[in-house]
Amino acid sequence: MKNKIKLLTSALFLGLMLQSCSSESEEALVNASELEQELALENDGVLKVESATYVFKKTGETAKFLENDRDFHFKFLNELSYQFSETDKHAIEGLTITNPETEEYLVFSNFEELKSGFFKFDLEFSTGQTLSSVLYKPGKANTSSNKWHGDPMLEEPSNVIGAMIELSQQESVRQCRAASQVCSNTNGVPTVALTNGKGWFTQIEACALECHD
């Protein structure tokens, strides 16, 4: 009889523990910031530049956050041209990605692999702009234990290039987002669809605003 009481008490205690843990998890999810909620989803990589975080979504869009708050989503309707030599492809220092149409380029240097799974590096634009301590974490599908040897440093640099174009042309993109507040006010998520010219850092040729749930 005592054993039955002990088993019943243990089961009841375990049930209460599991319910408590479940409630805490749900509460933590509800209280999580927009950025934390987005990062909890599967993605194709994360890029952190100063106060901005770019999350490359499985849908092909990029979700941009400022601090912990969602700014907007964007995507490029045209394919972004880029190339890098087989030698540079595996470089740790001086990895250069070039626009074959215009000879614009991005130079990656000072690579450091962090315990968090992020790579830290510096970036130099052909425009002369420089960024220090940029953080990039590839998506799970692109994660490799052989990153420094057999595999390229950046599996799919077009996402990174897209983020750098948005970063360098924020004023043009801001004008495209004139109606985004209307979308946000109806609890929608605005996506700016961009069409870039041949140049990466010159001019956005066209844009359109999409509003979705």
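Figure 1. Residues 24 or more positions apart make up 46% of the contacts in the protein that have a separation of 6 or more, a contact being heavy atoms within 4.5 Å. The model is predicted, so local features require pLDDT of at least 70 and side-chain atom pairs count only at pLDDT 80 or more, whereas totals for chains, interfaces and linings use all residues. Residues are numbered from 1 along each chain as its sequence is written, and side-chain values use heavy atoms, with hydrogens and water left out. The secondary structure of the protein consists of 6 helices and 10 strands; these elements are DSSP runs numbered from the N terminus, with helices (H or I) of at least four residues and strands (E) of at least two. Of the 213 residues, 36% are classed as buried; buried denotes under 20% relative accessible area, exposed over 50%, and partly exposed the range in between (1.4 Å probe, protein chains only).

Figure 2. Strand S6 (residues 105-113) pairs with strand S7 (residues 119-125) in the antiparallel sense, through 6 bridges. Leu 106 has Phe 125 of S7 as its bridge partner.

**Figure 3. Strand S3 between its two antiparallel partners.** Strand S3 (residues 62-66) is mostly covered, with 4 of its 5 residues buried. S2 and S3 run antiparallel and are joined by 5 bridges; 5 bridges likewise join S3 to S4, and these two strands also run antiparallel. Lys 64 of S3 is the bridge partner of Tyr 54, and Lys 64 also stands opposite Phe 72 in S4. The hairpin of S2 and S3 has 4 residues between its strands, and Gly 60 in the turn has a positive phi of about 100°. The hairpin of S3 and S4 has 2 residues between its strands, and Glu 67 there takes a positive phi near 60°.

Figure 4. Rolling a probe the size of a water molecule over the atoms shows where empty space is left. The largest pocket has a volume of about 340 Å³. A pocket is an open set of points where a 1.4 Å probe fits, found on a 1 Å grid over the protein atoms alone, with protein on both sides within 12 Å along at least five of seven lines; lining residues have an atom within 4 Å of a point. Grid points are joined across faces, edges and corners, and the volume is the space filled by probe spheres set on the points. There are 20 lining residues, of which Gly 60, Phe 76, Leu 80, Ser 158 and Asn 159 are the closest to the pocket centre. Two or more lining residues come from each of strand S2 (52-57), strand S4 (69-76) and helix H4 (157-168), with H4 giving the most, 4 residues. The lining has 7 nonpolar, 7 polar and 6 charged residues; Ala, Val, Leu, Ile, Met, Phe, Trp, Tyr, Cys and Pro count as nonpolar, Asp, Glu, Lys and Arg as charged, and the others, Gly among them, as polar.

Figure 5. Glu 50 is not a glycine, yet has a positive phi of about 55°. Glu 50 is located in the loop between strand S1 (43-49) and S2, and counts as exposed at 72% relative accessibility. Ser 133, also not a glycine, has a positive phi of about 55°. Ser 133 lies within strand S8 (residues 130-138) and is partly exposed, with a relative accessible area of 44%.

Figure 6. Ser 168 is placed in helix H4 and is partly exposed, at 29% relative accessible area. Leaving aside neighbours within four places in sequence, Ser 168 is in contact with Gln 129 and Phe 201. The C-alpha atoms of Ser 168 and Gln 203, which are 35 residues apart along the chain, are separated by 9.8 Å. Ala 208 belongs to strand S10 and is partly exposed at 39% relative accessibility. Not counting residues up to four places away in sequence, Ala 208 touches Thr 191, Val 192 and Ala 193. Ala 208 and Leu 194, 14 residues apart in sequence, are 6.8 Å apart from C-alpha to C-alpha.

Terms used: Two strands pair if DSSP finds at least two bridges between them.
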